[in-house]
Amino acid sequence: MSVKKIVILFSGVGTNLQNIISKLHKKKIHSVTYEVVGAICNKKEAQGINICKKHHIPFTLIEHKTYNSREEFDKELVRQIQKFDPDITVLAGFMRILTSVFTKNIKAINLHPSILPLFKGENAIQRSFESDMKIGGVSVHFVSDELDGGNIILQECFQKEESQTLQSFQNKIKQLEFELLPKAIIKILKDK
Ligand code: GRF
């Protein structure tokens, strides 16, 4: 039996963290068992920490504020990730720009709430909502040196509705994220 190990990085509420745990953690799908072996967060007030506690996911806090440079923070992040020896590292709402110290050492994927390469970076949902485009969407991509610029693994979009509110647009994004991120993890790990 093959067991694939996942490490999740997050910074906030952790709804995607919860979704991955619910859909994949200790689940066997087509003869592969997935295990969330650890989670790492850079903010001590992040609500997602409680999700780790509830599900007994080994958890590490690395506060970026306490490091003098992005490189020093990334070095510690890499060290802590490697301790878990994961098959893949998943950025699920991890709000940090990563340097090559990270990208050269860690195979990671990121979830982004837009149809990349459009609306890279912060406030993607709002910018995508306010744009002239008739569709919104979600992308999962490999993490590279370029912010939200790595190769795309999966991507899906939906039609904006007439007079749609930002809240309902956000809900639609979240719903797509919940479908797409576990699918992307399975896609990468099933043949690894
Ligand atoms: C998601 O919308 C993701 O696309 C973005 O950050 C958000 C994380 O939300 N990168 P949560 O912490 O998983 O609830």
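User: Quick one to start: is glutamate 156 buried, exposed or partly exposed?

Analyst: Glutamate 156 is partly exposed, with a relative accessible area of 28%. For the cut-offs, buried means under 20% relative accessible area, exposed over 50%, and partly exposed in between, using a 1.4 Å probe and protein chains only. Keep in mind that this is a predicted model, where local features need pLDDT of at least 70, side-chain atom pairs count only at pLDDT 80 or more, and totals for chains, interfaces and linings use all residues. Residues are numbered from 1 along each chain as its sequence is written, and side-chain values use heavy atoms, with hydrogens and water left out.

User: Thanks! Which residue forms a salt bridge with glutamate 156?

Analyst: Lysine 183 does, with the closest N and O atoms 3.6 Å apart. Lysine 183 lies in helix H6 (residues 166-189) and glutamate 156 in strand S8 (residues 152-159), so the pair ties together parts that are 27 residues apart in sequence. Helices (H or I, at least four residues) and strands (E, at least two) are DSSP runs, numbered from the N terminus. A salt bridge here is a side-chain nitrogen of Lys or Arg within 4 Å of a carboxyl oxygen of Asp or Glu.

User: And how many salt bridges does that rule give?

Analyst: The count comes to seven. One of them joins arginine 79 to glutamate 76, at 2.9 Å between the closest N and O atoms. Those two are three residues apart in helix H3 (residues 70-84), so about one helical turn separates them. Arginine 79 is partly exposed at 46%, while glutamate 76 is buried at 17%.

User: What about arginine 96, buried or exposed?

Analyst: Buried, yet arginine 96 has no salt bridge: the nearest side chain of opposite charge, aspartate 74, is 5.8 Å away. For charge, Lys and Arg count as positive and Asp and Glu as negative, with His and the chain ends not counted. Arginine 96 sits in the loop between strand S5 (88-91) and helix H4 (100-103).
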